[in-house]
Amino acid sequence: MQTTNSPTGPVLFRFDNSYARDLDGFYRPGQPENASKPQLIRLNHALAEELLADVDQLAGPDGVSVLAGNLLPAGAEPLAQAYAGHQFGNFSPRLGDGRALLLGEVIDRHGKRRDIAFKGSGRTPFSRSGDGKCALGPALREYLVGEAMAALGIPTTRALAVVATGDMVRRERPLPGAVLTRVAASHLRVGTFEFFAAHHGPERVKQLADFAINRHDPQLAGHDQPYLALLEAVAERQAELIARWLGVGFIHGVMNTDNMTISGETIDYGPCAFMEAYSPRTVFSSIDIAGRYAYGQQANIAQWNLTRLAEALLPLIDADSERAVGLATAVLEAFPERHAQHWLKVMRGKLGLDQNKDVTVDRKLATDFLELLHQRKIDFTNSFRALYDAANGQAAPLHQLFGDDAQFTHWQNAWQARQLQRSAGLIETMKHANPCYIARNHQVENALEAAVEDQDLAPFERLLSVLQQPFDARPEDAAYAEPAPLAVTANYQTFCGT
Ligand code: AMP
Ligand code: MG
């Protein structure tokens, strides 16, 4: 299955397409559909520069044609990747890029290989009954939340651009369509391994695993157990990633195995949302009736997903299946503790505690504080930020949230006793662990509604600029640190970005 390389288009990126070159049979060639009236909605200049692209050219007529899918840039080899996935626990053997196309890969300014891919560029061989399209609202949501995560320092795929196509897409009602250009360390997913394990057997899985190792864990190439080590490396990245999510109140919303990367980047901002009042049971996705992907379930689900990856890798781990299962199980069973360690690291950062003290005391400090928030339905982000303010000499925000609550005062005394060795370095760490601004649901909805219903991008741009600097409190942005009215949050629902 060869894709057609396009030598003639504008030179926007220096493509070097290892997936197309090395993984013949792991994809189907595809072509983006034409957009009738492309309009550049947003270009990520900083990211374009990171990719060593010419920003002016990208923002010019040829660039916009490319970002709309109307013109292929030189060196692009558009392809739809094959993958399977467990969706809400059920296996879908054939998913694949139904509305996405990998254009190719570039080596970025830091020497890192990055995928450049479209989302919403039309039908592919994997579209099944779908239209391959993306509506403008979900494209802008992915842009906003992805950039918010990046600014928080959390591993994530990024949005390079959003272009409105000028065509309507048919959803519950007609909506303006868009193409999102997404940049990722790779688009390899747990579901990619599941696809080749289910349909093709160990040789193909090995080819894929070798590709993944080469791309994400090259130091494992000479390892005596490279595939077990790959599983462990993915587990390590996910253990940390989920801890980082929990640290900012992020709920992915649809942690299907096709939405879990091998790279450890957050991917697919569909029904995601940030928690406001703390509750581990928080879930916003309209289709997650049972709360499978609730805030506090995410580490368990990551382990469940890693088990699916382990199953695909088993034949590579050992020819003796019992031995293979034993080895993989040990990695999987270590996951909760691995995650707990990352979680503690995150929480110590948030509480301004140094990393090398009594684990039991610090875990209890963290869980006791969360329990106070839970009982009192206090905003997660603002309460931790108030702890930072207090550590930094401003007690008022904390007092505003808790008043003279005796239980809280008891906790605060324990916290301060533990915090005696407070240093400027710890307070700075604390600041960067406790953002002032997260992508609050009502603000995201307002921004998307203005963009889609009124063609007014000002609220989107304003919110984006706030989220790009999440750690410095600014009086003029105070409204963005306000939780939504409780009634709004209680009824808030997010939908898969189809
Ligand atoms: P997602 O919910 O975006 O993670 O997508 C899950 C699966 O459904 C993937 O295989 C997508 O390619 C596919 N899919 C989602 N939306 C569409 C669409 N509008 N057209 C075709 N395939 C889609
Ligand atoms: Mg997906």
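**Close-up views of a predicted model**

**View 1. Gln225, a residue in a loop.** Gln225 sits in the loop that runs between α7 (202-216) and α8 (226-248). This is a predicted model, so please read every close-up here as a prediction. Is Gln225 buried or exposed? Its relative accessibility is 18%, so Gln225 counts as buried, because the cut-off for buried is under 20%. Setting aside residues up to four places away in sequence, Gln225 touches Ile317 and Leu327. With Ile317 there is also a polar contact: a polar atom of the Gln225 side chain lies 3.3 Å from the backbone oxygen of Ile317.

**View 2. Helix α8, from end to end.** How many of the residues of α8 are buried? The count is 19 of the 23, so α8 is largely enclosed by the rest of the structure. Look just past the end of α8 and you will find Gly249, which takes a positive phi of about 75 degrees.

**View 3. Helix α11 and the glycine that follows.** Helix α11 covers residues 335-351, which makes 17 residues. From its first C-alpha to its last, α11 reaches 24 Å, close to the 24 Å expected at 1.5 Å a residue. Of these 17 residues, 13 are buried, so α11 is largely enclosed by the rest of the structure. After α11 comes Gly352, with a positive phi near 70 degrees.

**View 4. Ligand 1 and its surroundings.** There are 18 residues around ligand 1, and Gly96, Gly98, Arg99, Gly132 and Asp268 come nearest. Which atoms pair up here? A polar backbone atom of Gly98 is 2.7 Å from an oxygen atom of ligand 1. Side chains take part too: an N or O atom of the Arg128 side chain is 3.3 Å from a ligand 1 oxygen, and a polar side-chain atom of Asn259 lies 3.2 Å from an oxygen atom of ligand 1. Taken alone, ligand 1 exposes 480 Å², and the protein buries 86% of that.

**View 5. The magnesium ion, ligand 2.** Which residues are the protein donors of the magnesium ion? They are Asn259, through OD1, and Asp268, through OD, lying 1.8 to 2.2 Å from the ion. Both Asn259 and Asp268 are buried.

**View 6. Thr124, between two strands.** Thr124 lies in the loop between β7 (113-119) and β8 (134-135). With a relative accessibility of 8%, Thr124 counts as buried. Leaving aside neighbours within four places in sequence, Thr124 is in contact with Ala80, Asp97, Gly98, Ala100 and Leu101. One of these, Asp97, has its backbone oxygen 2.5 Å from a polar atom of the Thr124 side chain.

**View 7. Pro280, a partly exposed loop residue.** The loop between β12 (273-274) and α9 (298-317) holds Pro280. Pro280 is partly exposed, with a relative accessible area of 28%. Not counting residues up to four places away in sequence, Pro280 touches Ala294, Tyr295, Gly296 and His374. Pro280 and Leu241 are 39 residues apart in sequence, and their C-alpha atoms are 17 Å apart in space.

Notes:
Residues are numbered from 1 along each chain as its sequence is written. Chains are lettered from A and ligands numbered from 1 in the order in which they are written. This is a predicted model: local features need pLDDT of at least 70, side-chain atom pairs count only at pLDDT 80 or more; totals for chains, interfaces and linings use all residues. Side-chain values use heavy atoms; hydrogens and water are left out. Helices (H or I, at least four residues) and strands (E, at least two) are DSSP runs, numbered from the N terminus. The expected span of a helix is 1.5 Å times one less than its number of residues. Buried means under 20% relative accessible area, exposed over 50%, partly exposed in between (1.4 Å probe, protein chains only). Donors are N, O and S atoms within 2.8 Å of the metal (3.2 Å for Na, K and Ca); water is not among the atoms, so sites may look incomplete. A polar contact is a pair of N or O atoms within 3.5 Å; within protein, one must be able to donate a hydrogen and the other to accept it, and residues adjacent in sequence count only if both atoms are side-chain atoms. Contact means heavy atoms within 4.5 Å. A residue is near a molecule or strand if one of its heavy atoms lies within 4 Å of it. Accessible areas come from the Shrake-Rupley method with a 1.4 Å probe; for residues, only the protein chains shown count as cover.
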